[in-house]
Amino acid sequence: MLRIRDGGLQTLVQDMGRKEFYHLGVPPSGAADKYSYVLGNILLGNPHDYAALEITLLGPVIEFCKRTVIAITGAPCEVRLNEQPVPMWESLVIQEGDMLAFRMTTQGVKTYLCVSGGIQVPDVLGCKSTYVLSQLGGFHGRKLQAGDEVQIGEPLPGVFHQVGRRIPDEYIPAFSNEMDIRVVVGLSSYRLSDEGIKTFLNSEWQVGLESNNIAYRYTGATVSFKPFDPPFGAGNNSSNVVDIVYPIGAIMVPNEKELILLLRDATTGGGFVTIGTAINADLDLIAQSRPNTKTRFLAVTVDQAIEARLSKKRKILAVQELLR
Amino acid sequence: MSDKKAILSPLPGVFYRKPSPELPDYAKEGDVIKAGEVVGLIEVMKNFYEIKAEEDVLIEQFVVENETIVDAGQELVLVKSQAS
């Protein structure tokens with residue numbers, strides 16, 4: 001069991017997310033930086049989808065009530081075990097009674113704490129991820145707070161012999177305050193003027209302070225709409241279309257001064273113009289963008305997007321092979 | 001001996017001096033507050049984080065005003081330690 005002494009800013013139970021309910025309006029949720037999360041589970045020899053704690057910007061203080069093995073991955077964060085600094089991206093043994101204290105992340109946003117045997121909370125709609133907006137899944141559908149007692153699985157057989165395993169440096173992601181995010185332009189980009197599309201792709205955008213697992217907001221440039229007579233069923237603002245299902249990563253243009261990029265906790269549909277969709281392989285980078293991060297959007301083709309996704313999968317399999 | 005210190009923001013975000021717009025400030029300049037008491041809030045990524053005094057302190061000055069955008073590590077409040 002984990003006894004939470006301080007919850008930090010927002011510490012959530014997350015796994016791979018719920019996949020089969022999008023058509024019913026339930027977004028997947030799940031780890032915002034899948035790559036870092038999965039590498040934590042690989043370090044422990046856990047199945048990739050075992051639940052972990054996702055820490056946002058400022059971490060929790062946790063007392064361990066069981067001897068186990070953990071791995072900390074994701075955004076660089078100062079972590080102390082009984083007051084002594086411990087490394088990230090490495091499997092560490094934890095004794096019963098140990099106190100693990102996370103401080104603030106120095107770069108990036110999301111840090112992961114994976115535990116051998118996984119975090120144990122009841123499955124809701126087939127997974128353990130937290131969807132805070134609907135208070136669904138995770139630990140009572142909410143972020144952790146002081147006094148919570150969170151169950152963890154039994155350490156997996158043999159895991160104590162694997163303590164000290166480390167992710168090779170070349171597989172540890174870089175965290176930066178400048179991001180290039182690849183997008184496939186489309187859905188309703190025809191509603192923007194040519195100048196508007198050019199401005200979208202050629203401008204430097206800035207991440208807003210209110211960005212979170214639901215959506216990221218960007219400002220910094222002006223994208224103009226085409227003059228348009230809204231059809232029956234659409235709202236009468238230039239930014240409205242007849243309602244559609246939004247893909248995850250969809251970049252909405254609610255007005256000419258703002259972009260809203262939908263992440264894994266987002267609404268599944270609505271009636272805003274979408275200028276394009278961030279590719280799946282770059283969703284982790286978006287979620288790791290701190291407020292004020294300078295962001296450029298680069299247009300790619302669907303084929304390039306699929307290749308990027310496959311190359312990321314191959315990278316994960318390569319790490320798994322190396323640590324076997 | 002009293003000792004001058006600053007309370008720093010652990011997060012980037014918006015600094016608030018009161019729990020909600022219609023309520024009074026958590027603390028005023030000249031107040032003595034105890035360890036663990038709240039001096040303000042930081043809002044970031046739609047979450048609020050309470051900024052607390054780490055020890056008993058006299059509040060000398062708020063360096064940033066209510067609803068100012070601050071960076072991680074920025075000074076929020078200048079205080080004097082009341083530990084004897």
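**Close-up views of chains A and B**

View 1. Across the interface of chain A and chain B, the rule finds zero salt bridges. Keep in mind as you explore that this is a predicted model. What about polar contacts? Between chain A and chain B, two residue pairs are in polar contact, both at pLDDT 80 or more. On the side of chain A that touches chain B, you will meet eight nonpolar, six polar and four charged residues.

**View 2. How chain A and chain B touch.** Here 18 residues of chain A are in contact with 13 residues of chain B. Together the two chains bury about 1,300 Å² between them, and 70% of that area is on carbon and sulfur atoms. Which residues of chain A lose the most area to chain B? They are L9(A), L58(A) and L209(A), which together make up 40% of what the chain A side buries.

**View 3. C114(A) and its closest cysteine sulfur.** A disulfide is a covalent bond between the sulfur atoms of two cysteines. Zoom in on C114(A) and you will find a buried residue, with a relative accessible area of 0%.

**View 4. C127(A), another cysteine without a disulfide.** C127(A) is in no disulfide, and the nearest cysteine sulfur, that of C114(A), is 15 Å away. Is C127(A) buried or exposed? With a relative accessible area of 4%, C127(A) is buried.

Notes: Residues are numbered from 1 along each chain as its sequence is written. Chains are lettered from A and ligands numbered from 1 in the order in which they are written. This is a predicted model: local features need pLDDT of at least 70, side-chain atom pairs count only at pLDDT 80 or more; totals for chains, interfaces and linings use all residues. Side-chain values use heavy atoms; hydrogens and water are left out. Buried means under 20% relative accessible area, exposed over 50%, partly exposed in between (1.4 Å probe, protein chains only). A disulfide is a pair of cysteine sulfur atoms within 2.5 Å. Contact means heavy atoms within 4.5 Å. Buried area is the accessible area (1.4 Å probe) that two parts lose on being put together, summed over both. A salt bridge is a side-chain nitrogen of Lys or Arg within 4 Å of a carboxyl oxygen of Asp or Glu. A polar contact is a pair of N or O atoms within 3.5 Å; within protein, one must be able to donate a hydrogen and the other to accept it, and residues adjacent in sequence count only if both atoms are side-chain atoms. Ala, Val, Leu, Ile, Met, Phe, Trp, Tyr, Cys and Pro count as nonpolar, Asp, Glu, Lys and Arg as charged, and the others, Gly among them, as polar.
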